[in-house]
Amino acid sequence: MESPSPSPSRPSTQTPAAALREDCWSEDATHTLIEAWGDRYLDLNRGNLRQRHWQEVAAAVNARHATSASSKSFRSDIQCKNRIDTLKKKYKIEKAKATAACVSAWPFFASLDSLLGSSFPKPSTAAPRRNTPPWNLSTPIPVGPRTHKRPAPSPAVDSSFRRNFTAAAEGGDGSDSPSKEEKEVEKIGYRELAQAIERFGEIYERVEGAKQKQMMELEKQRMQFTKDLECHRMQLLLETQVQLQKIKRARRQCQNGYS
């Protein structure tokens, strides 16, 4: 009797893509992950989570969505961290595309925007600048006829200009030379200025001398105070030693009296 031939094994229905996506996240699990991570993210003042924080996040996700530690829905702390990093990158892209009139339809955008909205700049809503000129360069610009002529200078102005120009060419400036009275006034002004500077120097010298004298007086007082303090300290030290000697002497006398 021939033994029955073994039935052919059924081929696996799991595709390679499905095998690679065994750690794919469901929408509910992702919401739970964002909620658990967001609580600790805010507690740390929007700082980075450490390993123990990620372990707490993984425990919160597994408590809701994993039936056992060996199930495919069980998540480790590394898987949770990688999933959050992926969500951040996706959120950055959605944030750049979102505008005031068009809100992202991504199911996790609102949750992440409440946590990361202040960390990413808002997209610019300003209208793009146009580089076209404000007018058409091909259109000719009308120019009126030039009918105005430069007015001719009057004879008085022309003769004055000629006279000043001639005086300047000969070494003068076209004006009258200062009189003797003006020179005397100028000398007096210079003399008064020199006297004022000299008085200022004398006042400055007296002030500096008084300042130096005051500094020397303060230094003498400081030295005298230091000397008096040292003398007082030595006097207290001597008085203390004398008192100690008296106490020792009295103690010896008492001991000799008892003996």
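# Reading helices and salt bridges

Me: In what do the side chains of Arg222 and Glu219 meet?

Reply: Side chains of opposite charge can pair when their charged atoms come close. In this predicted model, the side chains of Arg222 and Glu219 meet in a salt bridge, with 2.6 Å from N to O.

Me: Where do Arg222 and Glu219 lie, and how many residues apart are they?

Reply: Both partners belong to helix H7, where Arg222 and Glu219 are three residues apart, about one turn of the helix. To read how open each one is, remember that a relative accessible area under 20% means buried and over 50% means exposed, with partly exposed in between. Arg222, at 47%, therefore counts as partly exposed, and Glu219, at 34%, is partly exposed as well.

Me: How many salt bridges does the structure hold?

Reply: The structure holds nine salt bridges, including one in which the side chains of Lys211 and Glu208 meet, at 3.7 Å from N to O. Lys211 and Glu208 are three residues apart in helix H7, so about one helical turn lies between them. Lys211 counts as partly exposed at 44% relative accessibility, and Glu208 is partly exposed with a relative accessible area of 24%.

Me: Which residues of H4 are buried, and why do they line one face of the helix?

Reply: The buried residues of H4 are Asp77, Cys80, Arg83, Ile84, Leu87, Tyr91, Glu94 and Lys95. Seen down the axis of H4, these buried residues fall within an arc of 110 degrees, and so they line one face of the helix. They pack against helix H2 (27–43), helix H3 (51–65) and helix H5 (109–116), while on the other side of H4 the residues Ile78, Lys89, Lys92, Ala96 and Lys97 are exposed.

Me: Which residues form a nonpolar patch on the surface?

Reply: Tyr190, Leu193 and Ile197 form such a patch, and together they have about 350 Å² of accessible area. Tyr190 is placed in helix H7 (residues 180–258), and this residue is exposed, with a relative accessible area of 55%.

Me: How many helices and strands does the secondary structure of the protein chain come to?

Reply: The secondary structure comes to seven helices and zero strands. Of the 259 residues of the protein chain, 14% count as buried, and the accessible surface comes to about 22700 Å², with 56% of that belonging to carbon and sulfur atoms.

Key: Residues numbered from 1 in each chain as written. Predicted model: local features only at pLDDT ≥ 70, side-chain atom pairs only at ≥ 80, totals over all residues. Heavy atoms only, no water. Patch = residues over 30% accessible without salt bridge, like charges linked within 9 Å, V, L, I, M, F, W, Y side chains within 5 Å. Areas by Shrake-Rupley, 256 points an atom, 1.4 Å probe, with all protein chains shown as cover. Salt bridge = Lys/Arg side-chain N within 4 Å of Asp/Glu carboxyl O. Helix = DSSP H or I, 4+ residues; strand = E, 2+ residues; numbered from the N terminus. Buried < 20%, exposed > 50% of the residue type's maximum accessible area, 1.4 Å probe, protein only. Arc of directions from axis to C-beta. Contact = heavy atoms within 4.5 Å.
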